[in-house]
Amino acid sequence: MSLEGKLVSEINIKCDGDVFHEIIMYKPHHMCNICPDKIQNVDIHEGELGTIDSVRFWKFTHDGKEMVAKEVIEEIDEEKKLVKKKMIEGDMLEYYKSFYLTIHVETKGENNLVTWILEYEKKNTNVPDPHTFMELCLNITKDIESYHIN
């Protein structure tokens with residue numbers, strides 16, 4: 001059994017894909033108001049929002065537990081509306097040696113497709129694949145969509 005894994009999920013959203021990307025990149029602190037049951041706080045620790053090497057610190061709820069994560073932005077492609085982030089500290093790293101999140105927004109007219117990619121290496125074979133974390137990401141996407149449709 002391999003310790004390395006990758007989960008990919010796609011979700012169509014009815015709200016503007018550019019708006020979704022803007023929240024993820026430049027206004028993550030707005031998610032505290034959009035989905036306070038899932039994200040309680042986002043602070044920037046280094047750099048500026050939306051720049052490579054910027055570091056963000058998150059307080060969030062996952063599987064009914066309050067958790068924290070510190071991430072660094074490793075890749076940005078504004079044209080593709082893509083950002084790749086690496087977790088560098090926090091609760092998830094108790095289970096995973098490495099953990100990356102990639103968020104890509106594809107806009108085609110009325111259709112907006114958000115793709116979440118989780119790439120990880122588990123610390124041991126007893127660690128489950130992060131399906132519940134992926135579910136959290138998809139639920140946050142739905143909350144952002146609902147917020148901007150209303």
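A pocket is an open set of grid points with protein on both sides within 12 Å along at least five of seven lines. The exercises below apply to a predicted model.

**Exercise 1. Describe the largest pocket by its volume and its lining.**

Step 1. The volume of the largest pocket is about 250 Å³.

Step 2. Its lining comprises 16 residues, and those nearest the centre are His62, Asp63, Met67, Met92 and Tyr95. Two or more lining residues come from each of strand 4 and helix 3.

Step 3. Strand 4 supplies the largest share of this lining, three residues.

Step 4. Sorted by class, the lining of the largest pocket holds seven nonpolar, three polar and six charged residues.

**Exercise 2. Describe the largest cavity and state which element gives the most to its lining.**

Step 1. The count gives one cavity of 30 Å³ or more, and the largest cavity has a volume of about 210 Å³.

Step 2. Of the 16 residues lining the largest cavity, Trp58, Lys85, Leu101, Phe133 and Ile140 lie nearest its centre. Strand 3, strand 4 (65-77), strand 5 (82-90), strand 6 (96-108) and helix 3 (131-149) each give two or more residues to this lining.

Step 3. Helix 3 gives the most, with four residues.

Step 4. The lining of the largest cavity has 14 nonpolar and two charged residues, but no polar ones.

**Exercise 3. Determine whether Ser54 is buried or exposed, and locate its contacts.**

Step 1. Ser54 lies in the loop between strand 2 (39-46) and strand 3 (55-62).

Step 2. Ser54 is classed as buried because its relative accessibility is 1%, and buried means under 20%.

Step 3. Leaving aside residues up to four places away in sequence, Ser54 touches Ile44, Glu46, Gly47, Glu48, Glu71, Val72 and Ile73.

Terms used
Residues are numbered from 1 along each chain as its sequence is written. This is a predicted model: local features need pLDDT of at least 70, side-chain atom pairs count only at pLDDT 80 or more; totals for chains, interfaces and linings use all residues. Side-chain values use heavy atoms; hydrogens and water are left out. Buried means under 20% relative accessible area, exposed over 50%, partly exposed in between (1.4 Å probe, protein chains only). Contact means heavy atoms within 4.5 Å. On a 1 Å grid over the protein atoms alone, a cavity is a set of points where a 1.4 Å probe fits but cannot get out, and a pocket is an open set with protein on both sides within 12 Å along at least five of seven lines; lining residues have an atom within 4 Å of a point. Grid points are joined across faces, edges and corners, and a volume is the space filled by probe spheres set on the points. Ala, Val, Leu, Ile, Met, Phe, Trp, Tyr, Cys and Pro count as nonpolar, Asp, Glu, Lys and Arg as charged, and the others, Gly among them, as polar.
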